[in-house]
Amino acid sequence: MKKRFIFIMVLLLFFSYTSINGYEYHEETDTLEYLLNRRIAIMNEFLYGYKDMHKLKEKLSKIETGSLLQNDLAILQKVIDSPTDYELAMDVRVHDIHRIEQTGEGLLINADLNWHMRGYDGEFNFIRNYDISCRKLKDKLYLTKLTILDDWE
């Protein structure tokens, strides 16, 4: 009887452990992909459409804040001053999340992002590792920092 009880407890412990490890950050992945793809859409609309900095800032401020917003606006302002051709970011997916930490302000995420691009040689994908900071304001998540960490493919 005692051996059977221990066996059942070990079995239950094993299944509860694997179910906890099975949690793959679905909600965070969906939110992050939405924010990053919305960012791509806004920037592409600006790069390949009407270049209105006021509308750009208005749209980006709905998904970004802090240094990322200021950096994106500065880079896109330079595009107006020195137009050139760019590879087109079409889509981004979270390939893998390595770490998520909750902070008092939001989330710190380390993730591999799979970028779907279009360039002179056609369409291609590449994966890069990023540290991503998000800030929670009034129950809404905003991107605040996107830092590339490596160049593996």
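**Exercise 1. In which handedness of crossing does H3 pass H4?**

Before we start: this is a predicted model, where local features need pLDDT of at least 70, side-chain atom pairs count only at pLDDT 80 or more, and totals for chains, interfaces and linings use all residues. Residues are numbered from 1 along each chain as its sequence is written, and side-chain values use heavy atoms, with hydrogens and water left out.

Step 1. Find the pair: H3 covers residues 53-60 and H4 covers residues 66-81. (Helices are DSSP runs of H or I, at least four residues, and strands are runs of E, at least two, numbered from the N terminus.)

Step 2. H3 passes H4 in a right-handed crossing (the near helix is turned clockwise from the far one by less than a right angle).

**Exercise 2. Work out how H3 and H4 are oriented, and what touches what.**

Step 1. The two helices pack at about 155°, with axes 11 Å apart (axes are lines fitted to C-alpha atoms over the stretch in contact, and angles run from 0 to 180 degrees between N-to-C directions).

Step 2. H3 and H4 are therefore roughly antiparallel (angles over 145 degrees).

Step 3. On the H3 side, Met-53, Leu-56, Lys-57 and Leu-60 make the contact; H4 brings Leu-69, Asp-72, Leu-73, Leu-76, Gln-77 and Ile-80 (contact means heavy atoms within 4.5 Å).

**Exercise 3. Look at the loop between E3 and E4 and describe Lys-138 and Asp-139.**

Step 1. Lys-138 sits between strand E3 (122-137) and strand E4 (140-148), and Asp-139 is in the loop between E3 and E4 too.

Step 2. Lys-138 counts as exposed, at 85% relative accessibility (exposed means over 50% relative accessible area, with a 1.4 Å probe and protein chains only). Asp-139, at 73%, counts as exposed as well.

Conventions. Angles under 35 degrees count as roughly parallel, over 145 as roughly antiparallel, 65 to 115 as roughly perpendicular and the rest as oblique. Buried means under 20% relative accessible area, exposed over 50%, partly exposed in between (1.4 Å probe, protein chains only).
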